[in-house]
Amino acid sequence: MKKGCVVPVNEENFRPYGSYYHVTQGERCSGDWYRMFTTKDVVVERPLKFGITQCDNGKTFLVDSMERHLSSEEVQFAGSAPIILSVADSDPWGNPREEDVASFLLSPGDVVVLKRGIWHDACHSAERKTMYFFLSYTNGEPSETAWLPVLPEPVKIELE
């Protein structure tokens, strides 16, 4: 079984899979009661649905299946604690391949926009139980949300 490591996400290392933004480097919105930042550069093709998922899988886990979306991009970002996102740029018409799996550490403020057809796992927590958020769109076809096995074997991810 292949072992994978986790690297902090940045614009350069995430480029094969999509776009990376760090929203706390944008302009601060006005208002004293909240801390919100914006960036003028986060661009998606169409209106997306907002999703929230809780994760508590820890620092070691298996990536044994992934999904990909051919009809749109997907935006993912951490809540109050770091998360691990595993992706693969394998053929979107086949299965995700173990040799293509890469894992990235996203801290609060990091935002990624996955390209169409990029395989991805559900995010895992890096420190403690936390939430992560995503914006997505699917055209309703079952293949858009089908989870397919990583071939030939799952990848064991370890955060050092």
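Mentor: Before we start, two strands pair if DSSP finds at least two bridges between them, and strands here are DSSP runs of E, at least two residues, numbered from the N terminus. This is a predicted model, where local features need pLDDT of at least 70, side-chain atom pairs count only at pLDDT 80 or more, and totals for chains, interfaces and linings use all residues. Residues are numbered from 1 along each chain as its sequence is written, and side-chain values use heavy atoms, with hydrogens and water left out.

Trainee: Okay, which residue stands opposite F77 in strand 14?

Mentor: That's F133. Strand 14 covers residues 130-136 and pairs with strand 8 in the antiparallel sense over 4 bridges.

Trainee: And what does Q76 stand opposite in strand 14?

Mentor: F134. Q76 also stands opposite V112 in strand 11. Strand 11 (residues 110-114) is antiparallel to strand 8, with 4 bridges.

Trainee: Why is strand 8 largely enclosed?

Mentor: Because 4 of the 5 residues in strand 8 (residues 74-78) are buried, meaning under 20% relative accessible area with a 1.4 Å probe, protein chains only.

Trainee: New topic: is F50 buried or exposed?

Mentor: F50 counts as exposed, at 52% relative accessibility; the cut-off for exposed is over 50%. F50 is in strand 5, residues 49-55.
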